[in-house]
Amino acid sequence: MNQFYSEIYEIIKQIPEGKVMSYGQIASHLGRPRNTREVGRVLRHSPNNIPWHRVVMADGTVSGGEHSQIRRAMLVSEGVSFLEDNRVDMKKHRHSI
């Protein structure tokens, strides 16, 4: 595993239950703000102990294609609330490092 993957996984492990971070937040925190999509690609290959479902788009949209409903259900089970348009309430649930 390369260093960038490891750094991404370490940040995601720090997101507490009931909170989320955006792909862009993670990329920016690592000093690579233009690598938002790379963060998403890394998550597709994350180990089982990584709470990957806690990473969403900047506007609170839960991405993941066929897995988006699973991710949403996991977030709901952790107490994450959603706006009327099915986006995470980022004002309430955004985690900052």
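Visitor: Which residues of helix α4 are buried?

Guide: Ser68, Arg71 and Leu75 are buried in α4, which spans residues 68-77. Buried means under 20% relative accessible area, exposed over 50% and partly exposed in between, with a 1.4 Å probe and protein chains only. Helices are DSSP runs of H or I, at least four residues, and strands are E runs of at least two, numbered from the N terminus. This is a predicted model, where local features need pLDDT of at least 70 and side-chain atom pairs count only at pLDDT 80 or more, while totals for chains, interfaces and linings use all residues. Residues are numbered from 1 along each chain as its sequence is written, and side-chain values use heavy atoms, with hydrogens and water left out.

Visitor: What covers the buried residues of α4?

Guide: The cover includes α2 (23-29) and β2 (55-56).

Visitor: And which residues are exposed on the other side?

Guide: Gln69 and Ser77.

Visitor: What follows α4?

Guide: Gly79, with a positive phi near 95°.

Visitor: Switching to the largest nonpolar core: how many residues?

Guide: That core has 16 residues, and Ile8, Ile12, Ile26, Leu30, Val39 and Val55 have the most contacts inside it. A nonpolar core is a set of buried Ala, Val, Leu, Ile, Met, Phe, Trp, Tyr and Cys residues joined through side-chain atoms within 4.5 Å.

Visitor: Which elements give two or more residues?

Guide: α1 (3-13), α2 and α3 (36-43). α1 gives the most, with five residues.

Visitor: What does Ile26 touch?

Guide: Leaving out residues up to four places away in sequence, Ile26 touches Ile8, Ile11, Ile12, Met21, Val39 and Val55. Contact means heavy atoms within 4.5 Å.
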